[in-house]
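Colleague: Please take a close look at the aromatic pairs in this model and at the strands around them. I would like one connected account.

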Amino acid sequence: DLQKLANFAYIQITNKLKTALMNFSLLMYSLCSFPDGSGQAVNGRGPSIKSAWGTDNLSSGNIAVPYASQPIMEFHQSNNIIHYHHQPTTEPDEPFYYSGQFSGRNAALNVGCLYNVFPTTPGAVGGSGGPQAYNDSENNSVWTGFNTTYLELLNQLASAPPANILQIQIGIENAQVGMQLAVLEALNNSAELTSESYSIWVARADIIFSQY
């Protein structure tokens, strides 16, 4: 189900952060985005939201415009979610107001984000550089790499001390997102797949849905 698949794993919105996350079933998060001016950055409920948006060393890149608007990030009936924002030393308040399962932590500015809504240079987010040719062999290698990491971390989780559980869980989620994106990439290019390869990717999609 390509429509269902298109809704999962990763939300990257170049012109607004507000997302309708109601009742989605697979891991989701948002990077390099900014609100649409409504005052509500994220609002929803669901069981499987990515536990960390960003890292201790690098913020998510989600920003409040203007900073003082402090849009609301709230999510309910889910796991706890840490949003790593960037709070300049000149600002007394956090850029977002957190509610429900959301909490915020300060992290370094994410300089890799591009917020130009209509860029004309190749490679920019949302730009007109043209699609790259799909390479199924490379994409399969990407999936395999993430799957190997996923299985290794699952094995570590079984005997991990309490202090390490959160970081291992975040690593597991990152690997899951990577596998999900590889599946989405493959099925979005289904016309380029052999019948055998298509069957493999569909089976991987079925496994993803069975996990939630």
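Modeller: The structure holds three aromatic pairs. This is a predicted model, and the values below are computed from it. In one of the pairs, the ring centres of Trp53 and Phe102 are 5.2 Å apart and the planes stand at 90 degrees; an angle over 60 counts as edge-to-face, so this pair is edge-to-face. Its two members come from distant parts of the chain, 49 residues apart: Trp53 belongs to strand S3 (residues 52-53) and Phe102 to strand S7 (residues 102-106). Trp53 has a relative accessibility of 2% and therefore counts as buried. Phe102 is buried as well, with a relative accessible area of 5%.

Another pair is made by Phe96 and Tyr98, with 6.3 Å from centre to centre and 50 degrees between the planes, and this pair is tilted. Phe96 is buried at a relative accessible area of 0%, and Tyr98, at 13% relative accessibility, also counts as buried. The two pairs described here belong together, as Trp53, Phe96, Tyr98 and Phe102 form one aromatic cluster.

The strands that carry Trp53 and Phe102 can be followed through strand S5 (residues 81-85). S3 and S5 run parallel and are joined by two bridges; in this pairing Ala52 stands opposite Ile82 of S5. On the S7 side, S5 and S7 pair in the parallel sense over five bridges. Here Ile81 stands opposite Phe102, the residue whose ring pairs edge-to-face with that of Trp53. S5 itself is mostly covered, with five of its five residues buried. Ile81, His83 and His85 point one way from this strand, while Ile82 and Tyr84 point the other way; all of them are buried.

Confidence differs between parts of the model. S7 has the highest mean pLDDT among the elements of the protein, at 94, whereas strand S1 (residues 19-20) has the lowest, at 34. The average for the protein is 76, and 73% of the residues score at least 70. Two stretches should be read with that in mind. Over residues 1-25 pLDDT stays under 50, and the model has 84 contacts beyond four places in sequence for this stretch. Over residues 116-130 pLDDT again stays under 50, with 16 such contacts beyond four places in sequence.

As for the setting, the secondary structure comes to four helices and seven strands. Along the sequence their order is α-β-β-β-β-β-β-β-α-α-α. The protein has 212 residues, of which 41% count as buried. Of the contacts with a separation of 6 or more, 58% are between residues 24 or more positions apart. The accessible surface of the protein comes to about 11300 Å², and 53% of that belongs to carbon and sulfur atoms.

Pro66 is placed in the loop between S3 and strand S4 (72-76), and the peptide bond from Val65 to Pro66 is cis, with omega near -5 degrees. Gln70 is found in the loop between S3 and S4 too. Its phi is near 45 degrees, a positive value in a residue other than glycine. Most residues other than glycine have a negative phi, and most peptide bonds are trans. Gln70 has a relative accessible area of 30% and is therefore partly exposed, in contrast to the buried Trp53.

Aromatic rings also take part in contacts with a charge. Arg204 lies over the face of Trp143, at 3.7 Å from the ring centre. The charged end of Arg204 also sits over the ring of Trp201, 4.6 Å from its centre. Helix H2 (residues 136-157) contains Ser141, which counts as partly exposed because its relative accessibility is 48%. Ser141 and Ala182 are 41 residues apart in sequence, and their C-alpha atoms are 9.4 Å apart in space.

Conventions
Residues numbered from 1 in each chain as written. Predicted model: local features only at pLDDT ≥ 70, side-chain atom pairs only at ≥ 80, totals over all residues. Heavy atoms only, no water. Phe/Tyr/Trp six-rings, centres within 6.5 Å; stacked < 30°, edge-to-face > 60°. Buried < 20%, exposed > 50% of the residue type's maximum accessible area, 1.4 Å probe, protein only. Lys NZ or Arg CZ within 6 Å of the ring centre and 35° of its normal. Contact = heavy atoms within 4.5 Å. Areas by Shrake-Rupley, 256 points an atom, 1.4 Å probe, with all protein chains shown as cover. Pairing = 2+ DSSP bridges. pLDDT = per-residue confidence, 0-100.
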